[in-house]
Amino acid sequence: MPSRTTSRRSLLATALAVPTAAVGVPLLTASPAAAAPTGVQVVVDWTAIALATGVSAGADTPAQARVVSIAGTEFLQLRSVLTCNFTGDSQLGTLPAAIRPPKTTRGVCPRNNHLGVNATRVEADTAGRVMVYGPQTTDPVTWIQLDNFSSVLR
């Protein structure tokens, strides 16, 4: 039995002909669908996070949160380098009322390296609490960098 080959040209011609057959409009002349907004749009600008007792931010890295929209998807972003002394799951702070997630959202943030563990889970809940999960008495967290926290809100 002879082998069959298909040229790239015939595949491309078929790909362009299928939409015409399906909807009766050539693909190259069809009007585009409504596109999502492009680029990064700031929904809520950087706003201070109220830090919990025992948590502090450096003068040059204040604890802040914002909401951005990228192609129609909203993200919660956090920034700061916080010093703390957590030996169990703890609250970092509270988000401002304008930035309360509609559902719990989470991310992973760098922390002090201890026995090879150098990241911790950070969550923001519907009440605005920003929590850190993972510290233990044998593996305390002494600082957390929030700068790479970016999590989908909606």
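**Values against cut-offs**

Q: What makes up the setting of Glu 123?
A: Glu 123 is found in strand β9. Strands (E, at least two residues) and helices (H or I, at least four) are DSSP runs, numbered from the N terminus.

Q: How far can these values be trusted as a basis for labels?
A: This is a predicted model, where local features need pLDDT of at least 70, side-chain atom pairs count only at pLDDT 80 or more, and totals for chains, interfaces and linings use all residues. Residues are numbered from 1 along each chain as its sequence is written, and side-chain values use heavy atoms, with hydrogens and water left out.

Q: Why is Glu 123 called buried?
A: Its relative accessible area is 9%. Buried means under 20%, exposed over 50%, and partly exposed in between (1.4 Å probe, protein chains only). The value is under 20%, so Glu 123 is buried.

Q: How do you know that Glu 123 makes a polar contact with the side chain of Arg 121?
A: The distance between the side chains is 3.0 Å. A polar contact is a pair of N or O atoms within 3.5 Å; within protein, one must be able to donate a hydrogen and the other to accept it, and residues adjacent in sequence count only if both atoms are side-chain atoms. The pair with Arg 121 qualifies. So does the side-chain pair of Glu 123 and Arg 106, at 2.9 Å.

Q: Which residues does Glu 123 touch, not counting those up to four places away in sequence?
A: Contact means heavy atoms within 4.5 Å. By that rule Glu 123 touches Thr 104, Thr 105, Arg 106, Arg 129, Val 130, Met 131 and Tyr 133.

Q: Thr 105 is on that list. Why is Thr 105 called buried?
A: Thr 105 sits in strand β8. Its relative accessible area is 3%, so it falls under the 20% limit and is buried. Its side chain also reaches the backbone oxygen of Val 152 at 3.3 Å. Beyond four places in sequence, the contacts of Thr 105 include Leu 76, Phe 149 and Val 152. Thr 105 and Thr 126 are 21 residues apart along the chain, and their C-alpha atoms are separated by 8.8 Å.

Q: What makes the charged end of Arg 79 count as sitting over the ring of Trp 46?
A: The distance to the ring centre is 3.9 Å. The rule asks for NZ of Lys or CZ of Arg within 6 Å of the ring centre and within 35 degrees of the ring normal. Arg 79 is counted as sitting over that ring.

Q: Is Trp 46 itself buried, exposed or partly exposed?
A: Trp 46 lies in strand β1 (residues 40–48). At 24% relative accessible area it falls between 20% and 50%, so Trp 46 is partly exposed. Its contacts beyond four places in sequence are Gln 64, Ala 65, Arg 66, Gln 77, Leu 78 and Arg 79.

Q: Why is Gln 77 called buried?
A: Its 15% relative accessible area is under 20%, so Gln 77 is buried. Gln 77 belongs to strand β5. Its side chain makes a polar contact with that of Arg 66, at 2.8 Å.

Q: What makes a set of residues a nonpolar core?
A: The members are buried Ala, Val, Leu, Ile, Met, Phe, Trp, Tyr and Cys residues joined through side-chain atoms within 4.5 Å. The largest such core here has 24 residues; Leu 76, Leu 78, Leu 92, Leu 95 and Ile 144 have the most contacts inside it. The elements giving two or more residues to this core are β4 (64–70), β5 (73–79), β6 (81–86), β9 (117–124), β10 (129–133) and β11 (141–145). β6 gives the most, with three.

Q: What makes the phi of Ala 71 worth a note?
A: Most residues other than glycine have a negative phi. Ala 71, not a glycine, has a positive phi of about 55°. Ala 71 is in the loop between β4 and β5. At 47%, Ala 71 lies between the two limits, so it is partly exposed.

Q: Which loop holds Leu 115, and why is Leu 115 called exposed?
A: The loop between β8 (105–114) and β9 holds Leu 115. Its relative accessible area is 79%, over 50%, so Leu 115 is exposed. Its phi is also positive, near 55°.

Q: How many helices and strands are there in the protein?
A: One helix and 12 strands. Buried residues make up 31% of the 154 residues.
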